[in-house]
There are 4 protein chains.
Amino acid sequence: MPELWHEIELSPAFHDLDPMDIVWHGNYVKYLELARNALLARFNYDYPQMRDSGYAWPIVDMRLKYVDMLPYGRRVIVRAEIVEWENRLKIEYVIRDAETGKSINKAHTIQVALSITTREMQYVCPPVLWQKLGVEPA
Amino acid sequence: MPELWHEIELSPAFHDLDPMDIVWHGNYVKYLELARNALLARFNYDYPQMRDSGYAWPIVDMRLKYVDMLPYGRRVIVRAEIVEWENRLKIEYVIRDAETGKSINKAHTIQVALSITTREMQYVCPPVLWQKLGVEPA
Amino acid sequence: MPELWHEIELSPAFHDLDPMDIVWHGNYVKYLELARNALLARFNYDYPQMRDSGYAWPIVDMRLKYVDMLPYGRRVIVRAEIVEWENRLKIEYVIRDAETGKSINKAHTIQVALSITTREMQYVCPPVLWQKLGVEPA
Amino acid sequence: MPELWHEIELSPAFHDLDPMDIVWHGNYVKYLELARNALLARFNYDYPQMRDSGYAWPIVDMRLKYVDMLPYGRRVIVRAEIVEWENRLKIEYVIRDAETGKSINKAHTIQVALSITTREMQYVCPPVLWQKLGVEPA
């Protein structure tokens, strides 16, 4: 079974900061997406391939727990790992200080497949996901 | 006891849309903030008053459940209600279609007080919150 | 000839602020868009009608001059006026303090029509624009 | 005299896209800032050092000319070059397709120094800028 995780490294942009001189909480959602898309790109199932497969994968549930604050100049590792793929695509995230390893944020997202043509939600993930990831449904 | 909720009405901006022609999931976080700040402004405890009271109120936990999609031109009501204020400020949100009342998103945020001078988290909400809201801690 | 301008009133969101406690310069682009779309909606040629008419109208030139800073809580009027419509759609903007009338920003955008099917730029604006605006090309 | 330019490479994020499946025009402002800050960081005068030197450097003029569209997956080079530093800091930008070299956007920004303590605009750039850049005013 393949390793279903990926890590990216990034540093906050100035335009991600708020008046407290730290990253505005809503901007973490962008960091999660960057890690998620890099992970899915490894399996050749990033946004363009999703679209070409006939499915959109809207987020239906998202939770973020903020453990520490993130100032400008701090380098972080964003780790994304696929933990469910049968009926929905669940990804867990940890954002850590790249130097100290200290945890800054823990999050998850849940996506479901939506047929682009029928606009219907799929209650089982379409087989294209399993083929791309190289996994078997239970 | 005062009513601890508030509603705002808004319609998505074009720049909030993604390639699916619906609001990008991360932009809902902005809508929650608009409703939260309008609610707190009613109690004269919006961002400038928070800052002047010596406290920042960072989000430490945020969860959004996406029930439906939100296209351009759809008017929505964002309702925010304070449901905890003793040790942390917990606010629950519902985003509904302004016309049909159909639910589009349900969310919550949890904030804690952080002393701006000491940078220390407060494990009990500072009394200024209760005075502003007109509530008593349990 | 119709009046080709419109004004909206808005107040910066907290998430529009930067560490200087003023609106980050890039966020003014969103305010221009809100005024532009409200103006075009008056003529029934906002984004959905543009798309349905077979044309996208990408921005090809944009300039902003920042005259003053914009803090949280300040209400502003954003005025958008169409000043060219023959070969390209040029709109001029002024952002003013709603109370004092003091100018905060002056800007313009230039858009050209792009056929959605052929992806080709139009060197003359398509007649649908003139019909919607109720104007005549020179 | 030092080389006063720098290049970064980047690829659009999914959350930078609009319903036309290309980067929303306002998001280019973020790409300019990333290149500008990387350039200034080379001279040890990025945002934290600016702040510590007692000056903010607000953008007072910004122009972008959009030559081509930018889809997801396209890698681009953003080049930023300082072309004025005596009375104001003017930076010119070119965004090019990393593979073909084709131009996608040309832009400039103009910043002036603002004393953080007095909130007064400086009509001549403060000497700290020249020292950091290793240049002489004319």
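Which strands of chain A does H1(A) lie across?

**Entry 1: ground rules.** This is a predicted model, where local features need pLDDT of at least 70, side-chain atom pairs count only at pLDDT 80 or more, and totals for chains, interfaces and linings use all residues. Residues are numbered from 1 along each chain as its sequence is written, while chains are lettered from A and ligands numbered from 1 in the order in which they are written.

**Entry 2: confidence.** I looked up pLDDT, the predictor's confidence in each residue, from 0 to 100. Chain A has a mean of 97, and 100% of its residues reach 70 or more. For the complex, the predictor gives an ipTM of 0.96 and a pTM of 0.97.

Entry 3: I noted how elements get their names: helices (H or I, at least four residues) and strands (E, at least two) are DSSP runs, numbered from the N terminus. Contact needs a cut-off too: two residues are in contact if their C-beta atoms, placed from the backbone, lie within 7 Å. H1(A) lies across S1, S3, S4 (76–84), S5 (89–97) and S6 (103–111) of chain A. H1(A) runs at about 130 degrees to S1(A). For such angles, axes are lines fitted to C-alpha atoms (for helices over the stretch in contact), and the angles run from 0 to 180 degrees between N-to-C directions. I then checked chain B, where helix H1 (residues 28–42) lies across S1, S3, S4, S5 and S6 of chain B, at about 130 degrees to S1(B).

Entry 4: I count strands as paired if DSSP finds at least two bridges between them. Ten strands form an open sheet, and I traced the order as S1(A)-S4(A)-S5(A)-S6(A)-S3(A)-S3(B)-S6(B)-S5(B)-S4(B)-S1(B), with antiparallel pairing. At the edges I found S1 (5–10) of chain A and S1 (5–10) of chain B, each pairing on one side only. From one strand to the next, the twist averages 15 degrees. Inside chain B, S5 (residues 89–97) and S6 (residues 103–111) run antiparallel and are joined by eight bridges. There, B:Leu89 stands opposite B:Gln111 of S6(B).

**Entry 5: where A meets B.** How many residues does each chain bring to this contact? I got 16 from chain A and 16 from chain B. On the chain A side, helix H1 (28–42) and strand S3 (59–66) each supply at least two residues. S3(A) gives the most, with eight residues. By class, that side has ten nonpolar, two polar and four charged residues. My classes: Ala, Val, Leu, Ile, Met, Phe, Trp, Tyr, Cys and Pro are nonpolar, Asp, Glu, Lys and Arg are charged, and the others, Gly among them, are polar. S3(A) also pairs with S3 (residues 59–66) of chain B, antiparallel, over five bridges. Across that pairing, A:Arg63 stands opposite B:Arg63.

**Entry 6: symmetry.** A turn of 180 degrees and a shift of 0.0 Å along the axis gives an RMSD of 0.0 Å. The two copies are thus related as by a two-fold rotation axis. A:Arg63 turned up again here: of the residues of chain A, A:Arg63 comes closest to the axis, at 2.1 Å (C-alpha). The copies meet through the same surface, because 100% of the interface residues of chain A are also interface residues in chain B.

**Entry 7: A meets C.** Here seven residues of chain A contact seven residues of chain C. The chain A side splits into three nonpolar, two polar and two charged residues.

Entry 8: C:Asp21 isn't a glycine, yet has a positive phi of about 70 degrees. C:Asp21 sits in the loop between S1 (5–10) and H1 (28–42) of chain C. Is C:Asp21 exposed, or only partly exposed? A residue is buried if 20 or more other C-beta atoms lie within 10 Å of its own, exposed if 12 or fewer, and partly exposed in between, with C-beta atoms placed from the backbone. With 16 C-beta neighbours inside 10 Å, C:Asp21 counts as partly exposed.

Terms used. Copies are superposed by least squares on the C-alpha atoms of residues with pLDDT of at least 70 in both.
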